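User: I am new to this structure and would like to learn how to read it. Please take me through it feature by feature.

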Amino acid sequence: MSDVADSVPFAVERKLAPRHTEVSENEGLRLLTLNEDGTFSIRLEVEAPDKYEAELDAMRIVTAALKDAGLSESGAPLGPPAVTGIDSGL
């Protein structure tokens with residue numbers, strides 16, 4: 001990931017911007033965080049019936065954003081998604 005152009009994280013963040021919700025903005029959560037080792041973390045909101053589908057949806061969304069930014073899956077291997085909150089609508 002260290003060989004990725006500086007513009008790539010910004011292109012990814014721009015593509016994912018619609019997934020940055022008012023709640024996450026109010027909580028001060030950044031959509032995309034750049035790490036010192038050249039990797040980054042992405043926080044986004046998805047709607048899904050369960051945790052499994054949420055993880056799959058998140059991976060599809062992030063993979064598409066990376067491809068749009070010019071990265072292949074091998075150029076930006078993704079770690080496992082982590083579901084950190086579930087709104088059950090109750």
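The dialogue below goes from the overall layout to single residues.

User: What should I know before I start?

Analyst: This is a predicted model, in which local features need pLDDT of at least 70 and side-chain atom pairs count only at pLDDT 80 or more, while totals for chains, interfaces and linings use all residues. Residues are numbered from 1 along each chain as its sequence is written, and side-chain values use heavy atoms, with hydrogens and water left out.

User: What is the mean pLDDT of the chain, and which element has the lowest?

Analyst: pLDDT is the predictor's confidence in each residue, from 0 to 100. The chain has a mean of 76, and 77% of its residues reach 70 or more.

User: How much of the chain is buried?

Analyst: A residue is buried under 20% relative accessible area, exposed over 50%, and partly exposed in between (1.4 Å probe, protein chains only). Of the 90 residues in the chain, 26% are buried.

User: Which residues of helix 1 are buried, and what do they pack against?

Analyst: In helix 1 (residues 7-16), the buried residues are Val-8, Pro-9, Val-12 and Leu-16. They lie on the same side of the helix because they cover an arc of only 100° around the axis; the arc is that of the directions from the helix axis to the C-beta atoms. Contact means heavy atoms within 4.5 Å. The buried residues of helix 1 pack against strand 1 (32-34), strand 2 (40-42) and helix 3 (51-68).

User: How many residues does the largest nonpolar core have?

Analyst: A nonpolar core is a set of buried Ala, Val, Leu, Ile, Met, Phe, Trp, Tyr and Cys residues joined through side-chain atoms within 4.5 Å. The largest one here has 16 residues, and those with the most contacts inside it are Val-8, Val-12, Leu-16, Phe-40, Val-46, Leu-66 and Leu-71. Helix 1 and helix 3 each supply at least two residues of this core. Its largest share, six residues, comes from helix 3.

User: What does Leu-66 touch?

Analyst: Not counting residues up to four places away in sequence, Leu-66 touches Val-12, Phe-40, Leu-71, Ala-76 and Leu-78. Ala-11, found in helix 1, is 55 residues from Leu-66 in sequence and 8.4 Å from Leu-66 in space, C-alpha to C-alpha. Ala-11 is partly exposed, with a relative accessible area of 22%.

User: Is Asp-57 buried or exposed?

Analyst: Asp-57, in helix 3, counts as buried at 18% relative accessibility. Not counting residues up to four places away in sequence, Asp-57 touches Val-46 and Glu-47.

How values were computed: Helix = DSSP H or I, 4+ residues; strand = E, 2+ residues; numbered from the N terminus.
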